[in-house]
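Subject: Structure handover

Hello,

Here is the structure I said I would pass on. My notes follow below it.

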Amino acid sequence: MTGSEKVPVVTDQPETCRVADAEEKSLLRKVMDNFADHCRSRSLFVLHYCTGCGAIELPPTITSRFDMERVGVSPMVTPRQADLLLITGYLSVKTLKRVILSYEQMQAPKYVVGFGSCTINGGMYWNSYATVKRLDQYIPVDSYIAGCMPRPEAIQQVFLDLMAKIDAGKATAWQDYYLNYDAYLGRQMNLFGQDWHTPTDVVAEAKHYGYVGNGTTGEHTALLDQRATWSLDTVPELYPARGRNERSRP
Amino acid sequence: MTVETGTPATIVDTIQHEIPGIKVTKQGERRLRIDVARDSLPALLELLKGRLGFIHLSAISCVDWPETDEFELVYHVWSYERKTLASAHITIPRNPGRFVSVYDIHTPAGFYERDIHEMFGVVFVGAPNLRPFILTSWGGPPPMLKSFNTREYVNQTYEWVDYQPDWLKDVEAKGGGVEK
């Protein structure tokens, strides 16, 4: 091999995606990242989305019998302050919308655990027209717990596994939402219709976190861009009360 | 409101006296089944509510009968004084699938009729609100009809989990795998 030949660089990430190379990841930075991951894994705040019957297994998991706070896992009441979204049981089309809204409000890094057979393939509601079959088609999922219902031991096990994954820096499913947002949005639109959009600007977040990939934007996010030109002034018929108040003002 | 007291036998007598040709079956100590012509149903509900104390419309249920091409509507009314449930059964033709609303007799009927309209496509004339109720982003036919093929809809709308993924072959080669 002569010196003029280019050696092809093989990466498993798309080229436009920002990949930290060895120089950039200095030793200090690595140490800081490892330390941060270690701390994150020891302090998980869980938002449990209790629409399914799986929620009944959480009180024993949280309270004194199994006491998940021993390992640093604690319940949280709002998505913005939570690290882990626990989907406890089946999701209908209606509740999936709310799950996506909650998920997008969470601050990265964020983790999702699908709880029970229903989040994997619809479970016992497999042939229901209203029950969503695969949760990981609509939001990225880090772990699943099989079972109908999973016992608190299984829930504790998934917490320990997830902690080990976070500690090792391998719980990166949330990055996939930014890297392949167009595909996720397309599947959401298949279910909810072309008008579906959320208040969160996911593409801007992807740029902020530096996870813009080939799949971040596409034909579906283009639909969102068209809608972004809407404002209170361009669609005044939607807000008649506001117009009346303005006119009556002296 | 004056309520005529008495045993269920007197209820049967009263109903049969007021609406001739009606069939009242006593199904249990506190259950009455009433089969009535559909045109007489509003009069029957008025009678049950006004004179016999059946003031609580607890449900309207709908059954799709494709063999006879009919919808069966069942109006369940409850009397707190008599502690008796009366179920009035009527049938309406599936096509055009229209019936009169009983919202003016029992206000909660508005919700039940809206639900049945969404799930079966029955139109209730005079109902205050028949807009979409529970279904989300629904573009298909009324899903509770027997003619609605749920499995076909599910296969078109959702994707299934791969039950034989590649990584399972590695597990099976080592003697593990899914328990059958």
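Predicted model: local features only at pLDDT ≥ 70, side-chain atom pairs only at ≥ 80, totals over all residues.

Asp13(B) counts as partly exposed because it has 13 C-beta neighbours inside 10 Å; a residue is called buried with 20 or more other C-beta atoms within 10 Å of its own, exposed with 12 or fewer, and partly exposed in between, with C-beta atoms placed from the backbone. Asp13(B) sits in helix H1 (residues 8-18) of chain B. Helices (H or I, at least four residues) and strands (E, at least two) are DSSP runs, numbered from the N terminus.

Residues are numbered from 1 along each chain as its sequence is written, and chains are lettered from A and ligands numbered from 1 in the order in which they are written.

Also in chain B, strand S1 (residues 23-28) has six residues, and the count of buried ones is zero. S1(B) pairs with strand S2 (residues 31-35) of chain B in the antiparallel sense over five bridges; two strands pair if DSSP finds at least two bridges between them. The two strands form a hairpin with two residues between them, and Gly28(B) has Arg31(B) as its bridge partner in S2(B).

In chain A, five strands make an open sheet with parallel pairing, in the order S2-S1-S3-S4-S5. Strand S2 (73-75) and strand S5 (143-145) of chain A each have a single partner strand, so one side of each is left without a neighbour in the sheet. Strand S3 (residues 84-88) and strand S4 (residues 111-115) of chain A pair over five bridges, and in S4(A) the bridge partner of Ile87(A) is Gly114(A).

Chain A is divided into domain 1 (18-170) and domain 2 (172-230), with bounds that come from an automatic or database domain assignment. Their contact takes 19 residues from domain 1 and 15 residues from domain 2 of chain A; residues are in contact if their C-beta atoms, placed from the backbone, lie within 7 Å. On the domain 1 side, H3(A) gives the most, with six residues.

Between the chains, 11 residues of chain B are in contact with 12 residues of chain A.

Regards

Conventions:
Contact = placed C-beta atoms within 7 Å.
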